[in-house]
Amino acid sequence: MKKLVLIFALIFSQHIFSQTAKEIIDKNIELSGGLTQWKLLNSVMLQGKVILGVKDEYPIKIYQARPNLTKTIITIGGKETAIEGYDGNKGYAMNYAANKLQEYKEYVPESFDNDFIDWENKGFEAQYLGKEKIGNIYCHKVELTKNVNKNIYYFDTKTYMLLKEIKKDDTLLYSDYKKVGNLMMPFRIESSSPKKDGDYVMLLNKVEINKVFPANIFKF
C-alpha cells in the first residue's frame, strides 16, 4: 500500500510540476505581448553597441527574419563589417585568425522564435524546477527538453519576463525590458560561456519590428 501511495504521489507531483511549467511559460508569453503578436512578428532589426572584454566597444546591427535568416554587422574604424549570419542556404562567420568572413558548412541557424513559443508543438517537454534567486530577484526555473537538447529558463516571479537562459554552450542574461509595438523586448543582453571566448554585453538603443528589409540584406 505504501508503494502504491508513493507511486501515485510521484505521478501527481510530476503532473503538478508539468502544469506549473506550462502556466509559467503561458504567463510569460501573455505578459510579453501574447502568442498572436509573437506569431505576427516576421522581422527584427536590433541596433546599439556591443562590448567585448573591458574596453572594446563597437556599434552593432542585427537583422533577423523568419524562418531563420540572420545577419550581424559591426562597425570597425568607420566601416560596417558582416561577422556572422545565415542567408537561408549557407552559414557564415568571421574567421578572426584569417581576418575574413568564410562559409561554415556545419553552421546551424537558430529558429526565429524562442523555443518556448509554441513549445508543445515543437516536441519539447517542460519541467518546473522550483524557484531560484538571480541577484535580488526570485525566478521560476523551467527546463525544456527535446531529445538530447536541454535549455533552462529563469522567469521573474513578479513580471514573468525572461531574465536568464542556460544553453549548451552559453548563458544569456536579459534585462532593461521595453515595449516595442505590442511586444516587450530586452534592451540589454549579456552572454557568457565556459571558454570565455565569446563573452559580450550588448546594449540596444533601437529595435524595429516587422520592417521590410532590402532583398539583398541577408547576402554575404
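Visitor: In what kind of interaction do the side chains of lysine 206 and glutamate 208 meet?
Guide: The term to know is the salt bridge, defined as a side-chain nitrogen of Lys or Arg within 4 Å of a carboxyl oxygen of Asp or Glu. Lysine 206 and glutamate 208 form such a pair, with an N to O distance of 3.2 Å. Please note that this is a predicted model, in which local features need pLDDT of at least 70 and side-chain atom pairs count only at pLDDT 80 or more, whereas totals for chains, interfaces and linings use all residues. Residues are numbered from 1 along each chain as its sequence is written, and side-chain values use heavy atoms, with hydrogens and water left out.

Visitor: With which residue does lysine 211 form a salt bridge?
Guide: Its partner is glutamate 208, and the closest N and O atoms are 2.9 Å apart.

Visitor: How many salt bridges does a search of the whole structure find?
Guide: The search finds 11. One of them joins lysine 90 to glutamate 103, with 4.0 Å between the closest N and O atoms. Lysine 90 sits in the loop between β4 (79-86) and β5 (91-95), and glutamate 103 belongs to strand β6 (residues 100-104), so the pair ties together parts 13 residues apart in sequence. Lysine 90 is partly exposed, at 38% relative accessibility, as is glutamate 103, at 36%.

Visitor: How many helices and strands does the protein chain have?
Guide: Helices (H or I, at least four residues) and strands (E, at least two) are DSSP runs, numbered from the N terminus. The protein chain has two helices and 13 strands.

Visitor: What share of the residues in the protein chain is buried?
Guide: Of the 220 residues, 37% are buried. The C-alpha atoms fill a box of roughly 75 × 35 × 35 Å along the principal axes.

Visitor: What share of the contacts with a separation of 6 or more comes from residues 24 or more positions apart?
Guide: A contact means heavy atoms within 4.5 Å. In the protein chain, such residues account for 37% of these contacts.

Terms used
Buried means under 20% relative accessible area, exposed over 50%, partly exposed in between (1.4 Å probe, protein chains only).
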